Amino acid sequence: MSRSVGRAIGLDVHRDFCEVAIVEEGVVRSAGRIQTSPEQLEMFARSLGPEDRVALEVTGGAWEIARILEPHVRRVVVVSPDDTGIRQARAKTDRLDARTLAKLLAAGELDAVWMPDERCRVMRRRLARREQLVRSRSRAKNEIHAVLMRRLKGRPPVSDLFGVKGRTWLGELELPVEEAETVQAAMRHIAFLDAEIAEVERLIAREALHSADARRLMTVPGVNVICAASFLAAIGDVRRFRSSRQLVAYLGLDPRVRQSGSEPARGGRISKRGSASARWALVEAAWSVVRQPGPLHAFYDRVRARRGHGKAVVAAARKLASLFWCLLTRGEDYAHQQPSLTAKKLRLLEIRAGAPTLKGKQTGTWATRQQMRTAERELAQQAEASYQRMVSDWKAASPKKDVGASVTAEHA
């Protein structure tokens, strides 16, 4: 039987096995199971032809399976479960799922998700590990706060309970034996997690320090290395997106749109598709960015006056994603950056990556830096005022109602 036209093969991936289905010359058939191990997958890959195509859904091991199969077939298509319709199927089994993937692949109805390169995969893994460590540390800290609440100790007299003064205050508390043991165990756990977080952040900082794109994104006041690294790890090459609107949609920061009949289109909540970690990093950065004087702060104030604080922060995150696209595609630093603040962030990045500090050395530049910082904030405030004047003039000259980021004027 000729295999020149190639076959469409669907894999339903599980931890221990993969269900296989094949479409050949328009006929779909099940081909049994193979073990999800490198040896069995390599043997399966060698049985395929150079014109065959393989489809599988995104799972924990999907990228490693794709890496093993790619050299032996024409194409490996990794798809999002949301795009196959399998979850909504009336009958759902492993065999039916694999057959559905094979039939959709043969019909050309599958859109592959972007496959990250090795550099992006490594950065994503490090960022995910850091997030897990930070969450574990937060749980340990919450245990100590729970002890203070149970023993009616009130609010700590320090701003940072886990700083030097806070730890001293905790050590002087009179607590029952079991509660003191809980506090001591949690403090040991926090010390361990602090060291682990510092180590993974050192690796992230080293990678970001050699990335021109990461340093460029950090020229935006309020954007730190975690935000820049999360964004770049999520999107990879920014040239994949022809416009900032495509990038915003990819990150799930675009509003859902509903329209039926003669009714106008109406926008709803953001779609929340794409990378949740990158979206979280942008929203967290937006909280810091809108506190800095400049055009983004003026934009936030304008949206907040109409839509409230929560929606204004998300709108600022969406604007931040568009700004990142412009900076990266044009190869330019942020025009309204504060140079001394950027230099400080880059210096801290070097120290975090392992560069020696200047502690104990008299530099004699602290007062000068403070003066520069004050002058730059004044320049940023001027840029903010300029933006506000531009918006005011635009509203006065335009006969249409200002709809901002809304879909329709009715929801302005």
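The protein chain contains 14 helices and 7 strands, where helices (H or I, at least four residues) and strands (E, at least two) are DSSP runs numbered from the N terminus. The model is predicted, so that local features need pLDDT of at least 70 and side-chain atom pairs count only at pLDDT 80 or more, whereas totals for chains, interfaces and linings use all residues. Residues are numbered from 1 along each chain as its sequence is written, and side-chain values use heavy atoms, with hydrogens and water left out.

Along the principal axes, the C-alpha atoms of the protein chain fill a box of roughly 80 × 70 × 45 Å. Of its 412 residues, 39% count as buried; buried denotes under 20% relative accessible area, exposed over 50%, and partly exposed the range in between (1.4 Å probe, protein chains only). The chain exposes about 24,100 Å², of which carbon and sulfur atoms supply 50%. Accessible areas come from the Shrake-Rupley method with a 1.4 Å probe, and for residues only the protein chains shown count as cover. Among contacts in the chain with a separation of 6 or more, 62% involve residues 24 or more positions apart, a contact being defined by heavy atoms within 4.5 Å. The mean positions of the 71 positive and 48 negative charges lie 4 Å apart. In this count Lys and Arg are positive and Asp and Glu negative, while His and the chain ends are not counted; each charge is placed at NZ of Lys, CZ of Arg, CG of Asp or CD of Glu.

A right-handed β-α-β unit is made by β4, helix α2 (residues 62–69) and β5. Right-handed here means that, with the strands pointing away from the viewer, the path from the first strand over the helix to the second runs clockwise. Strand β4 (residues 53–57) and β5 run parallel and are joined by 5 bridges, two strands being paired if DSSP finds at least two bridges between them. Leu56 has Val78 of β5 as its bridge partner. Strand β5 (residues 75–79) is largely enclosed by the rest of the structure, because 4 of its 5 residues are buried.

The helix of this unit is likewise covered. Because 6 of the 8 residues of α2 are buried, the helix is largely enclosed by the rest of the structure. The buried residues of α2 are Ala62, Trp63, Ile65, Ala66, Ile68 and Leu69, and their cover includes β1 (8–13), β2, α1 (38–46), β4, β5 and α4. In the loop between α2 and β5 lies Pro71, which is exposed at a relative accessible area of 64%. The C-alpha atoms of Pro71 and Ala45 are separated by 8.5 Å, with the two residues 26 apart along the chain.

Two loop residues have positive phi values. Glu25, in the loop between β2 (17–24) and β3 (27–35), is not a glycine, yet has a positive phi of about 55 degrees. Glu25 counts as exposed, at 59% relative accessibility. Leu152 occupies the loop between α4 (118–150) and α5 (164–171), and its phi is positive, near 55 degrees, in a residue other than glycine. Leu152 is exposed, with a relative accessible area of 75%.

By contrast, Ser340, in helix α13 (residues 339–352), is buried, with a relative accessible area of 16%. Neighbours within four places in sequence aside, Ser340 is in contact with Met372, Arg373 and Glu376.
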